[in-house]
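Dear colleague,

Please find below the structure that I am handing over to you. My notes on the sheet, the aromatic side chains and the charged side chains follow it.

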Amino acid sequence: MNPPVLVLDFGAQYNQLIARRIRELEVYCELVPGDLPASEIARRQPRALVLSGGPASVFEPGAPRCDPQLFDLGIPVLGICYGMQLMAHLLGGEVIPAEQPEYGRRWMTQVVDNPLLADVPQTSPVWMSHGDRVRQVPPGFEVLARTETTPVAAMGDRRRNLWGVQYHPEVHHTPHGMTMLRAFLYQLAHIAPHWRPAAFIPEAVAKIQEAVGDGRALIALSGGVDSAVAAALAERAIGQRLTAVLVDHGLMRAGEVEAVTAAFPHLDLRVVRAGPRFLAALKGVTDPETKRKIIGARFIEEFEAVAAEIGTVEVLIQGTVYPDVIESGHGSGARTIKSHHNVGGLPERMRLRVVEPLRWLFKDEVRRVGEALGLPAAVVWRQPFPGPGLAVRIVGEVTAEAVETVRRADAIVREELDRAGLTGPPETTEAEPVWQAFAVLLDIRSVGVMGDQRTYGRPIVIRAVESEDGMTADWARLPHDVLDRIAQRVVAEVPGVNRVVYDVTSKPPATIEWE
């Protein structure tokens with residue numbers, strides 16, 4: 001299926017939010033490199049294009065550029081922030097450094113009636129973040145709106161169906177941003193809202209069948225919702241030619257292997273006990289990126305060993321999701337935040353071909369696909385757990401002792417949140433459910449007193465967040481009595497821990513995981 005919308009990525013921090021907002025309007029889209037040739041765009045036959053924001057200035061040497069010929073394809077185009085400036089620059093307008101850069105909330109006023117902003121109030125708040133501005137619109141364009149300091153806050157060429165906004169409609173600080181996007185997609189690009197995650201299923205099944213052919217495949221099963229949904233799709237695609245592999249790398253949560261085995265009784269599931277090999281590979285390693293890459297390479301070695309035993313396997317199916325791709329720096333101009341073991345942690349040379357049916361979905365979309373596939377709620381709404389496991393929740397060297405410490409603390413966190421009714425599907429919880437919660441072991445020590453004696457132990461950090469898709473998150477306001485029970489139990493039941501602290505940092509600036 002050709003995506004109705006392509007979002008050309010020029011490296012802005014929240015470009016994936018544009019894709020999310022478009023999908024929320026039930027229009028499928030994909031994020032592609034900003035320099036994608038016009039010929040390739042034409043081949044993919046999108047119904048509309050969106051030029052994203054970005055951190056560069058159009059004046060900088062080597063600044064990101066799109067192919068100017070895309071404006072002649074007859075496809076509706078919307079430029080956002082840098083995307084609007086780039087459109088103006090390439091089509092003969094004038095872009096200059098702003099005398100007064102705009103950051104944060106500003107009030108935008110429309111100056112002419114226009115179809116892009118027809119359903120937006122005449123004056124409305126918008127979120128700005130730019131240092132350059134358009135001084136003169138290109139030939140054929142008209143100014144649609146302005147702010148007090150930006151004379152061109154929106155522009156449009158009605159004849160060619162080219163539009164631009166200087167503000168960011170994708171962020172929630174622009175309350176009428178979705179209204180504008182809806183007008184562009186529905187009225188100006190004439191795209192009917194029809195895409196839902198369930199519609200993704202037959203396409204994903206077909207792609208898996210094409211990739212595997214008549215052979216066999218492995219599915220990397222961790223028990224999380226991503227790998228569970230990928231496994232359900234793969235089973236639907238190739239049936240008994242699928243073998244599920246659970247690599248017990250010794251870094252799982254308490255009871256994890258048993259829970260996964262019980263949740264997938266119908267699959268041909270092989271459990272590989274590889275804990276000693278992973279711990280040996282991680283000995284002496286403290287750098288988070290190095291940890292992730294070692295674990296990623298080690299995983300592939302284990303999968304390839306199973307494939308060699310079976311003898312007819314050429315494909316490895318993974319539950320890679322879009323946030324994994326973004327954080328691993330695989331977007332156009334994107335910076336690596338952390339290499340996910342199933343993306344940036346993969347070795348350069350592999351005998352197995354990797355197939356990722358969920359690669360372009362966000363976590364909440366994966367959950368909806370899981371529900372459409374009929375997976376149990378306990379699987380669909382299970383809290384995310386990183387592939388590298390507890391290794392990225394241990395700051396410092398990963399040792400058997402450290403793993404056991406954080407595993408016991410993590411079990412207490414989960415038990416108390418379950419007891420308080422703060423986990424599970426939204427309809428089963430009294431309050432907004434916690435999206436993810438866990439324990440982190442720090443590589444420092446602090447003085448304490450227990451039983452009238454001095455202690456010198458390691459602290460445990462409790463991390464609990466609310467999120468929709470893992471791309472952004474806010475710290476969860478857990479009830480104080482729940483935090484109190486967790487702290488008391490951790491100190492009393494986990495040897496070597498004498499202090500518990502709570503992480504109250506959002507994402508960004510932090511990530512959800514500590515490493």
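In what order do the nine strands of the open sheet lie, and what is their pairing? The order is β2-β1-β3-β4-β9-β8-β7-β5-β6, and the pairing is mixed.

Before the details, a word on the source is in order. This is a predicted model, in which local features need pLDDT of at least 70 and side-chain atom pairs count only at pLDDT 80 or more, while totals for chains, interfaces and linings use all residues. Residues are numbered from 1 along each chain as its sequence is written, and side-chain values use heavy atoms, with hydrogens and water left out.

The sheet

Helices (H or I, at least four residues) and strands (E, at least two) are DSSP runs, numbered from the N terminus. Two strands are said to pair if DSSP finds at least two bridges between them. In general, strands of a sheet pair through backbone hydrogen bonds, either parallel or antiparallel.

The edges of this sheet are formed by β2 and by β6 (123–136), each of which pairs on one side only. From one strand to the next, the twist averages 20°; axes are lines fitted to C-alpha atoms, for helices over the stretch in contact, and angles run from 0 to 180 degrees between N-to-C directions.

Strand β4 (residues 77–80) pairs with strand β3 (residues 48–51) in the parallel sense, over three bridges. Opposite V77 of β4 stands L49, and opposite L78 of β4 stands V50. Strand β4 also runs parallel to β9, to which four bridges join it; here G79 stands opposite G164 in β9.

Helix α1 lies across β1 (5–9), β2, β3 and β4, and runs at about 155° to β2. Helix α4 packs on the sheet, where it touches β1, β3, β4 and β9 (162–165), and its direction makes about 165° with that of β4.

Aromatic side chains

Rings of Phe, Tyr and Trp (its six-membered ring) pair if their centres lie within 6.5 Å; planes under 30 degrees apart count as stacked, over 60 as edge-to-face and the rest as tilted. The whole structure contains five aromatic pairs.

One of them is tilted, because the planes of Y28 and W195 stand at 40°, with the ring centres 5.2 Å apart. This pair links distant parts of the chain, 167 residues apart: Y28 is in the loop between α1 (15–24) and β2 (29–33), and W195 is in the loop between α4 (177–188) and α5 (200–212). Both Y28 and W195 are buried.

Another pair, F278 and F299, is edge-to-face, at 5.4 Å centre to centre and 65° between the planes. F278 belongs to helix α8 (residues 275–282) and F299 to helix α9 (residues 288–310), 21 residues apart. F278 is buried at 2% relative accessible area, and F299 is buried at 9%. Together with F303, F278 and F299 form one aromatic cluster.

A charge sits over a ring if NZ of Lys or CZ of Arg is within 6 Å of the ring centre and within 35 degrees of the ring normal. R20 lies over the face of F362, 5.4 Å from the ring centre, and the charged end of R477 sits over the ring of W475, 3.7 Å from its centre.

Salt bridges

A salt bridge is a side-chain nitrogen of Lys or Arg within 4 Å of a carboxyl oxygen of Asp or Glu. The count by this rule comes to 36.

Among them is the bridge between D157 and R160, at 2.9 Å from N to O. D157 is buried at 2% relative accessibility, whereas R160 is partly exposed at 24%. E256 and R253 also form a salt bridge, at 2.8 Å; E256 is buried at 2%, and R253 is buried at 7%.

The closest N and O atoms of R485 and E416 are 2.9 Å apart in a further salt bridge. It links R485 in helix α14 (residues 480–493) to E416 in helix α13 (residues 400–419), 69 residues apart. R485 is partly exposed at 23%, while E416 is buried at 2%. Both belong to a network of salt bridges that links E415, E416, R419, D481, R485, R489 and E493.

Yours sincerely

Methods. Buried < 20%, exposed > 50% of the residue type's maximum accessible area, 1.4 Å probe, protein only. Contact = heavy atoms within 4.5 Å.
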